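Reader: Hi, I'm new to this one. Can you show it to me and walk me through it?

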Amino acid sequence: MKDVIFDDFQNSVNECLLRHRSILDILTKYQESQAKVNRAVAKAITNCGCIKLSAEKQHLPEEYDSEDTSIRKLSECLKSHMEGNLCENCREVIEREMGNNIFYLTSLCNVLDLNLYDILIKEYDKINTLGKFNLR
Ligand SMILES: [Zn+2]
């Protein structure tokens with residue numbers, strides 16, 4: 001049974017999308033909305049300063065004991081290169097841009113006759129099946 005909220009959201013997106021019905025418009029709006037997410041994160045660093053970027057080379061653990069240990073050590077050693085926490089304003093802006101991005105992803109699903117919830121479930125199953133071996 002499909003999730004009602006996801007399907008309702010997908011239908012609502014379909015009804016809201018009037019101007020940019022062409023797949024070309026949807027693809028480019030989707031890409032543009034992704035760029036706006038990245039821009040909002042960058043502005044949280046450069047304009048607001050609530051989060052800071054502190055990047056350096058990732059240092060991998062040298063010793064690999066058992067499989068579990070090495071995976072655990074790997075996640076402990078690899079850094080996000082980010083310091084601080086989003087302020088309320090930046091969080092709001094980033095959430096809004098991510099929502100816009102999801103809107104165009106859903107629009108892309110609609111025009112290609114794909115179900116957003118099915119995609120989420122397939123990805124969820126892949127993560128649960130492969131677990132820690134699903135390294136990304
Ligand atoms: Zn901020």
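Author: Of the 136 residues in the protein chain, 21% count as buried. Buried means under 20% relative accessible area, exposed over 50%, and partly exposed in between (1.4 Å probe, protein chains only). This is a predicted model: local features need pLDDT of at least 70, side-chain atom pairs count only at pLDDT 80 or more, and totals for chains, interfaces and linings use all residues. Residues are numbered from 1 along each chain as its sequence is written, and side-chain values use heavy atoms, with hydrogens and water left out.

Reader: How many helices and strands are there in the protein chain?

Author: The chain has five helices and two strands. From the N terminus on, the order is α-α-β-α-β-α-α. Helices (H or I, at least four residues) and strands (E, at least two) are DSSP runs, numbered from the N terminus.

Reader: Which residues make up the largest nonpolar core?

Author: Six of them: Val13, Leu17, Ile26, Phe103, Tyr104 and Leu108. Such a core is a set of buried Ala, Val, Leu, Ile, Met, Phe, Trp, Tyr and Cys residues joined through side-chain atoms within 4.5 Å. Helix 4 (residues 88-111) gives the most to this core, with three residues.

Reader: What is leucine 108 in contact with?

Author: Leaving aside neighbours within four places in sequence, leucine 108 touches Ile23, Ile26, Leu27 and Tyr30. Contact means heavy atoms within 4.5 Å.

Reader: And across the protein chain, what share of contacts with a separation of 6 or more joins residues 24 or more positions apart?

Author: That share is 73%.

Reader: Now the outside. Which residues form the nonpolar patch on the surface?

Author: Ile23, Leu24, Leu27, Val111, Leu112, Leu114 and Ile119 form it, with about 580 Å² of accessible area together. Patches are made of residues with over 30% relative accessible area and no salt bridge; like charges are joined within 9 Å, nonpolar side chains (Val, Leu, Ile, Met, Phe, Trp, Tyr) within 5 Å. Areas come from the Shrake-Rupley method with a 1.4 Å probe; for residues, only the protein chains shown count as cover. Helix 2 (residues 23-48) supplies the largest share of the patch, three residues.

Reader: Is leucine 24 buried or exposed?

Author: Leucine 24 is exposed, at 61% relative accessible area. Leucine 24 lies in helix 2.

Reader: OK, charges. How many salt bridges does the structure hold?

Author: Two. A salt bridge is a side-chain nitrogen of Lys or Arg within 4 Å of a carboxyl oxygen of Asp or Glu. Lysine 29 pairs with glutamate 32, with the closest N and O atoms 3.2 Å apart. Glutamate 123 pairs with lysine 126, and there the closest N and O atoms are 3.3 Å apart.

Reader: Where do lysine 29 and glutamate 32 lie?

Author: Both lie in helix 2, three residues apart, about one turn of the helix. Lysine 29 is partly exposed at 22% relative accessibility, and glutamate 32 is partly exposed at 37%.

Reader: Where do glutamate 123 and lysine 126 lie?

Author: In helix 5 (residues 116-130), three residues apart, about one turn of the helix. Glutamate 123 is partly exposed at 27% relative accessibility, and lysine 126 is partly exposed at 35%.
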